[in-house]
Amino acid sequence: MKFINPEIETYAIDHSTKPSEACKKLELHTREVEPMSRMLIGEMEGSLMASLIKLSRAERILEIGTFTGYSALVMAEALPPNGEVVTLDIEQRDYTQSFWDQSTHGSKIRFIKGPALETISTLEGKFDLIFIDADKTNYLNYLQKTLPMLSAHGAFVIDNVLWSGKVLLPASSDDASTAALQVFNDWVSSRSDLRVTMLPVRDGVSLIQKSGH
Ligand SMILES: C[S@@+](CC[C@H](N)C(=O)[O-])C[C@H]1O[C@@H](n2cnc3c(N)ncnc32)[C@H](O)[C@@H]1O
């Protein structure tokens with residue numbers, strides 16, 4: 001299900017700041033070699049992420065779900081020179097680092113391979129932005145485990161919260177991802193200590209902050 005009229009979406013992308021050449025190259029390579037290239041956040045969400053980083057003056061970002069490294073590079077390029085993106089994935093593509101190296105911002109990215117729930121336990125310090133974009137069945141675990149790691153004025157960005165519109169109907173018994181996203185969306189929106197804005201951008205993006213900030 002498309003949430004935005006495709007012509008309007010194209011017009012909006014055409015009138016937003018474009019990704020860098022290095023990001024564009026990585027996106028094109030991903031589309032050439034990865035059967036699941038649709039997992040990329042793409043230009044519109046990338047532009048939104050960059051604006052959020054700049055607006056919030058984020059310096060340290062945690063990303064759960066690297067894939068080919070596109071979103072990590074988009075975010076690194078929006079960070080100040082001392083910024084850092086720590087990005088986690090259970091899989092590692094052999095070409096990702098070489099694309100990061102083509103950008104002067106690539107050195108801000110630190111990739112850690114492994115199941116994210118285990119890796120999170122090894123991390124230290126606070127993060128100004130936490131981007132959750134990995135296995136949907138663990139979304140709530142990721143949020144609950146990283147909530148204490150969010151800086152006072154920090155925010156979560158959660159991808160795919162509308163899951164092609166499947167969240168509207170009861171999940172079938174073999175669809176654990178839809179069921180998990182429904183539980184996740186209900187849980188965050190019921191919490192008085194969190195403020196949530198769910199945007200019908202791309203596949204649904206939720207912005208979550210601690211209340212009072
Ligand atoms: C939607 S893709 C991330 C896309 C990426 N953020 C981008 O836009 O360029 C999801 C990624 O989560 C990873 N993933 C799935 N389960 C995971 C787990 N348990 N721990 C860490 N990574 C996982 C997958 O390997 C996949 O690369």
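**View 1. The shell around the ligand, by residue class.** In this predicted model, the shell around the ligand comprises 10 nonpolar, 5 polar and 4 charged residues, where Ala, Val, Leu, Ile, Met, Phe, Trp, Tyr, Cys and Pro count as nonpolar, Asp, Glu, Lys and Arg as charged, and the others, Gly among them, as polar. The ligand is surrounded by 19 residues, of which the closest are Gly-65, Phe-67, Ser-71, Ala-134 and Asp-135; a residue counts as near if its C-beta atom, placed from the backbone, lies within 6 Å of the molecule. Two or more residues are given to this shell by each of H4 and strand S2 (84-89), with helices (H or I, at least four residues) and strands (E, at least two) being DSSP runs numbered from the N terminus. Residues are numbered from 1 along each chain as its sequence is written. Because the model is predicted, local features need pLDDT of at least 70 and side-chain atom pairs count only at pLDDT 80 or more, while totals for chains, interfaces and linings use all residues.

**View 2. The packing of helix H2 on helix H4.** Helix H2 (residues 21-33) packs with helix H4 (residues 70-78) at an angle of about 175 degrees, their axes lying 10 Å apart; axes are lines fitted to C-alpha atoms over the stretch in contact, and angles run from 0 to 180 degrees between N-to-C directions. H2 is therefore roughly antiparallel to H4, a term for angles over 145 degrees. Ala-22, Cys-23, Leu-26, Glu-27 and Thr-30 of H2 meet Tyr-70, Leu-73 and Val-74 of H4, contact requiring C-beta atoms, placed from the backbone, within 7 Å.

Notes
Angles under 35 degrees count as roughly parallel, over 145 as roughly antiparallel, 65 to 115 as roughly perpendicular and the rest as oblique. Two residues are in contact if their C-beta atoms, placed from the backbone, lie within 7 Å.
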